[in-house]
Amino acid sequence: MDPADVRTGDIVVGVDGSIPARSALSWAAAQARHTGARLHLIAVWEIPALHGWAPAIPYDEDLAAAAGKVLSASARDVLGEQPTDLEIAESIVPGHPAQVLIDASARAALLVVGCRGHGTLTGALVGSVSQQCVRHARCPVVVVRGTW
């Protein structure tokens, strides 16, 4: 994704299909309705790194398509079929999720991410993507905790 795809003033939200990400999308949509900002949904995919293994065929199109399906399903489930009260942009981007969202934050008014936590003992900790976004984003960040 070219960071120029994000317009100045957008509310950017990372979407990965998880319950915390859906909670973040719901929060971001309410904020966009309140402020009149455009809601920019970003789904990120990357080829998994497995030591000593290489895919027999390139499958980046399949991963992008899968990310697109996750984004569409999340948007439909959280926002409804075609919300008329929101201006929405969607991006499906290859790369590391934290870096893509940090890059998008350069022009955004707000970055919203979900936090999965790490389990019962360390569940109060912020996850690695959300932690990186909080530390390196160039706009304010809201971390929305979801429950499993």
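Angles under 35 degrees count as roughly parallel, over 145 as roughly antiparallel, 65 to 115 as roughly perpendicular and the rest as oblique. The model on screen is predicted, so local features need pLDDT of at least 70, side-chain atom pairs count only at pLDDT 80 or more, and totals for chains, interfaces and linings use all residues. Residues are numbered from 1 along each chain as its sequence is written, and side-chain values use heavy atoms, with hydrogens and water left out.

Select residues 97–104, helix α3, and residues 128–136, helix α4. Helices here are DSSP runs (H or I, at least four residues), as are strands (E, at least two), numbered from the N terminus. The two axes, lines fitted to C-alpha atoms over the stretch in contact, with angles from 0 to 180 degrees between N-to-C directions, come within 9 Å and cross at roughly 30°. α3 and α4 are therefore roughly parallel to each other.

Now show the side chains between them. P97, A98, L101 and I102 in α3 meet V129, Q132, C133 and H136 in α4, contact being heavy atoms within 4.5 Å.

Next, select D103 and R138. Their side chains form a salt bridge at 3.9 Å, N to O (a side-chain nitrogen of Lys or Arg within 4 Å of a carboxyl oxygen of Asp or Glu). D103 lies in helix α3, and R138 in the loop between α4 and β5. With 30% relative accessibility, D103 is partly exposed, while R138 at 54% is exposed (buried is under 20% relative accessible area, exposed over 50%, partly exposed in between; 1.4 Å probe, protein chains only).

Finish at R7 and E87, another salt bridge, at 2.8 Å, N to O. These two residues are 80 residues apart.
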